[in-house]
Amino acid sequence: MDLNKLRGVLAERRITQVKLAKALHLSVKSINAKLNGKAPITVEEANMIAKIADISNPSEIFFADSVA
């Protein structure tokens with residue numbers, strides 16, 4: 001998972017952690033942990049994020065090897 005790319009896409013689309021948390025029915029703290037790699041993003045959450053952020057090729061983000 002390429003969290004840097006995901007955070008970049010969210011920033012480009014002006015989707016804040018608060019907006020994402022509301023859309024996913026999670027706390028901002030949970031979203032922050034997920035976007036910082038401290039908690040896993042489930043397949044269902046990945047699908048919802050892809051729809052919310054209108055990501056045309058989610059496999060580039062969610063199935064990419066991140067360079068840490």
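Reader: Which residue follows helix 1, and what's its phi like?
Author: Arg14 comes after helix 1, and its phi is positive, near 60°. Keep in mind this is a predicted model, where local features need pLDDT of at least 70, side-chain atom pairs count only at pLDDT 80 or more, and totals for chains, interfaces and linings use all residues. Residues are numbered from 1 along each chain as its sequence is written, and side-chain values use heavy atoms, with hydrogens and water left out.

Reader: What caps the N-terminal end of helix 1?
Author: Asp2 does, with a side-chain oxygen 3.3 Å from the backbone nitrogen of Asn4.

Reader: Which residues of helix 1 are buried?
Author: Leu3, Leu6, Val9 and Leu10 in helix 1 (residues 3–12); buried means under 20% relative accessible area, and exposed over 50%, with a 1.4 Å probe and protein chains only. Down the axis, those buried residues fall within an arc of 120°, so they line one face of helix 1. Asn4, Ala11 and Glu12 are exposed on the other side.

Reader: And what covers the buried residues?
Author: The cover includes helix 2, helix 3, helix 4 (43–52) and helix 5 (59–62).

Reader: Switching topic: at what angle do helix 2 and helix 3 cross?
Author: Roughly 110°, with the axes coming within 8 Å. That makes helix 2 roughly perpendicular to helix 3 (65 to 115 degrees counts as that).

Reader: Which residues make the contact?
Author: From helix 2, Gln17, Val18, Leu20, Ala21 and Leu24; from helix 3, Val28, Ile31, Asn32 and Leu35. Contact means heavy atoms within 4.5 Å.

Terms used
Axes are lines fitted to C-alpha atoms, for helices over the stretch in contact, and angles run from 0 to 180 degrees between N-to-C directions. Helices (H or I, at least four residues) and strands (E, at least two) are DSSP runs, numbered from the N terminus. Angles under 35 degrees count as roughly parallel, over 145 as roughly antiparallel, 65 to 115 as roughly perpendicular and the rest as oblique. The arc is that of the directions from the helix axis to the C-beta atoms. A polar contact is a pair of N or O atoms within 3.5 Å; within protein, one must be able to donate a hydrogen and the other to accept it, and residues adjacent in sequence count only if both atoms are side-chain atoms.
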